[in-house]
Amino acid sequence: MMALLARFARTGPSDWIIQRVTAVVMMAYLFFIVGYLIANPALTYGQWSDLNSLLSMRIFTLFTIMAVAFHAWIGMWSVLTDYITVRLMGPKANGLRKGLQVGLGFIILFYLAWTIKILWGL
Amino acid sequence: MLNVSIYRYNPEVDDEPYMQDFQFDTEGKDIMVLDVLEKLKIQDPSLVFRRSCREGVCGSDGVNISGKNGLACITPLSEAVKGNKLVIRPLPGLPVIRDLVIDMSQFYAQYEKIQPYMINNSPAPAIERLQSPEERAKLDGLYECILCACCSTACPSFWWNPEKFIGPSGLLQAYRFLADSRDTATEERLASLGDPFSVFRCHGIMNCVQVCPKGLNPTKAIGHIRNMLIRSAT
């Protein structure tokens, strides 16, 4: 069990690579959406709906929200382990940090589930 | 007269630290901050600070001078005085033992972690392990570190996680051995640095580069280690 968990344990390089790859995905999505909006100044609801009905567009959006999820988790974990520590805040920091991490996890999962619902109308 | 404000704290007497003001006559000379401390110690022998070589080699007299870490012995007043005031505090982030003397145990513990010595278990040659001039050149900018701790104590990541983040000084030394063609423990060294804290807590703000009294570039060395770690992980 521990060996299995260890395979999924995060390392410095894996966090670093995930942060960069997810940033590229988010940037590509941002450029695409902004580019699309500029290219279609008189955008109608029908056009927008058609675009987001495409399977490729849905997968692109899903990948992007997954990228946001990983990026936010690693980034916020990094921020919380810098600032919410026993060294800076005393013994209550560990509980507070873990609580914030659980809260953050819920928010991320909520956004993921919500995105899937919007994309596929489940 | 120069206004000098010095951090004072004697845990046997004082409840908490305070700043003590002195008036100092420079006689118009651009002397070093250490000279000021030495002369003030004659005025007040209870003032405590570390010093040894007084020429920027031993790294003993690292202090925070008017907000910037540096060696008192090679920092002239012309660089340190702002608005006719000189403020001297201990290096930030580590426990104060007394006045300007800090407890550097945490700093040395991180230095020890990176195994700051050559590891090569192959049989030693008759005379010495040779390096080409190019291989030797890779150590320039790394071996000169004098462990004064000016860089690590200027680093917020080290202030926040001094038990887990090696810090710029230790990482500069880690790369000094990773870059050494005679060292054969590259894989083991990298394996011990691959967690999310030891190296990757460096966010590249370069305070270390700004304060290094020897003009070294720990951020660049950390970048090299990071690239080596990423290459070995992929």
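Tutor: Helices (H or I, at least four residues) and strands (E, at least two) are DSSP runs, numbered from the N terminus. This is a predicted model, where local features need pLDDT of at least 70 and side-chain atom pairs count only at pLDDT 80 or more, while totals for chains, interfaces and linings use all residues. Residues are numbered from 1 along each chain as its sequence is written, and chains are lettered from A in the order in which they are written.

Student: Are the faces of β3(B) covered or open?
Tutor: Both are covered: G62(B) and N64(B) on one side, V63(B) and I65(B) on the other, all buried. Buried means 20 or more other C-beta atoms within 10 Å of the residue's own, exposed means 12 or fewer, and partly exposed is in between, with C-beta atoms placed from the backbone.

Student: Switching over, why does G83(B) count as exposed?
Tutor: Because G83(B) has 7 C-beta neighbours inside 10 Å. G83(B) is in the loop between α2 (77-80) and β5 of chain B. From G83(B) to N3(B) is 9.2 Å, C-alpha to C-alpha, though they are 80 residues apart in sequence.

Student: How many residues of α6(B) are buried?
Tutor: Eleven of eleven, across residues 168-178. Among what covers them are α3 (105-113) and α9 (218-233) of chain B.

Student: Now chain A: at what angle do α4(A) and α6(A) pack?
Tutor: About 175°, with the axes 10 Å apart. Axes are lines fitted to C-alpha atoms, for helices over the stretch in contact, and angles run from 0 to 180 degrees between N-to-C directions.

Student: Which label does that get, parallel or antiparallel?
Tutor: α4(A) and α6(A) are therefore roughly antiparallel. Under 35 degrees counts as roughly parallel, over 145 as roughly antiparallel, 65 to 115 as roughly perpendicular, and the rest as oblique.

Definitions and conventions
Contact = placed C-beta atoms within 7 Å.
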